[in-house]
Amino acid sequence: MGQDKAEIALGGRALLDRAIEVLGTVCDEVLLATGSAPRYVERGHGIVLDRAPDLGPLAALEVALTTARHERVLVLAVDMPAVDAELLELLFEQAERDDCDALALGSPNGVEPLCAVYHVRIAPAVRAALDAGERRMTAPFTRAAVDAFVPRLDVLDAARIGFADALRNVNTHLDLERARGETAHGVCP
């Protein structure tokens with residue numbers, strides 16, 4: 001995108017502020033994963049720092065799981081502006097009800113591990129994947145990355161529950177223009 005995606009405005013608010021707002025309606029604490037350096041401290045939320053530079057979201061998940069005050073961690077990428085509180089509540093409730101190791105939103109196009117609920121018990125598998133040089137968010141759920149406990153990644157089909165549009169990411173300028181058009185017409189929250 002050529003700029004910090006978190007600060008891109010959509011509907012008069014930065015993508016980061018939209019994500020904080022929706023997470024704040026379902027979580028009693030919102031932490032911001034900012035890589036290996038603190039950013040966005042002016043937002044007034046806790047910061048999750050990776051253990052080393054350039055490890056990506058999997059490293060942020062490791063820190064979140066090992067420092068969480070609760071047994072489940074809800075993850076939402078800033079570039080998913082159509083995700084709302086109703087969807088996050090549904091995701092969280094199903095993860096609790098089914099005692100999932102991890103529950104992610106998905107579609108026929110694949111799994112979205114950055115709109116998911118993770119149980120803290122998978123922290124060792126996440127750490128093992130990182131130690132093996134993995135960076136993919138799905139790595140802890142494969143036997144290739146972890147020798148011991150292999151957690152299970154369950155997928156909640158977004159279309160089946162009426163949230164197919166929630167999986168659209170803002171990754172390109174075209175995606176951003178499309179999202180801006182939807183916001184202007186009341187489609188995005």
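Q: Which side chains meet in a salt bridge at 2.6 Å, N to O?

A: Side chains of opposite charge can pair when their charged atoms come close. The term salt bridge is used here for a side-chain nitrogen of Lys or Arg within 4 Å of a carboxyl oxygen of Asp or Glu. In this predicted model, local features need pLDDT of at least 70 and side-chain atom pairs count only at pLDDT 80 or more, while totals for chains, interfaces and linings use all residues. Residues are numbered from 1 along each chain as its sequence is written, and side-chain values use heavy atoms, with hydrogens and water left out. The case in question joins arginine 152 to aspartate 154.

Q: Is each of these two buried or exposed?

A: Buried means under 20% relative accessible area, exposed means over 50%, and partly exposed lies in between (1.4 Å probe, protein chains only). Arginine 152 is exposed at 55%, whereas aspartate 154 is buried at 18%.

Q: How many salt bridges does the rule give?

A: The count is 13. One of them links lysine 5 and aspartate 79, with the closest N and O atoms 2.9 Å apart. Lysine 5 lies in the segment before β1 (9-10) and aspartate 79 in the loop between β5 and α3 (85-97), so the pair ties together parts 74 residues apart in sequence. Lysine 5 is partly exposed at 23%; aspartate 79 is buried at 8%. Glutamate 134 and arginine 136 also form a salt bridge (3.1 Å, N to O). Glutamate 134 is partly exposed at 21%, and arginine 136 is partly exposed at 43%.

Q: What is the order of the strands in the open sheet?

A: Helices (H or I, at least four residues) and strands (E, at least two) are DSSP runs, numbered from the N terminus. Two strands pair if DSSP finds at least two bridges between them. Here four strands run in the order β5-β7-β6-β8, with mixed pairing. From one strand to the next the twist averages 30°; angles run from 0 to 180 degrees between N-to-C directions, with axes fitted to C-alpha atoms, for helices over the stretch in contact.

Q: In which sense do β6 and β7 pair?

A: Strands β6 (residues 102-107) and β7 (residues 110-119) are antiparallel, over six bridges. Alanine 102 stands opposite tyrosine 118 in β7.

Q: Which helix packs on the sheet?

A: Contact means heavy atoms within 4.5 Å. Helix α2 (residues 57-67) touches β5 and β7, and its direction makes about 15° with that of β7.
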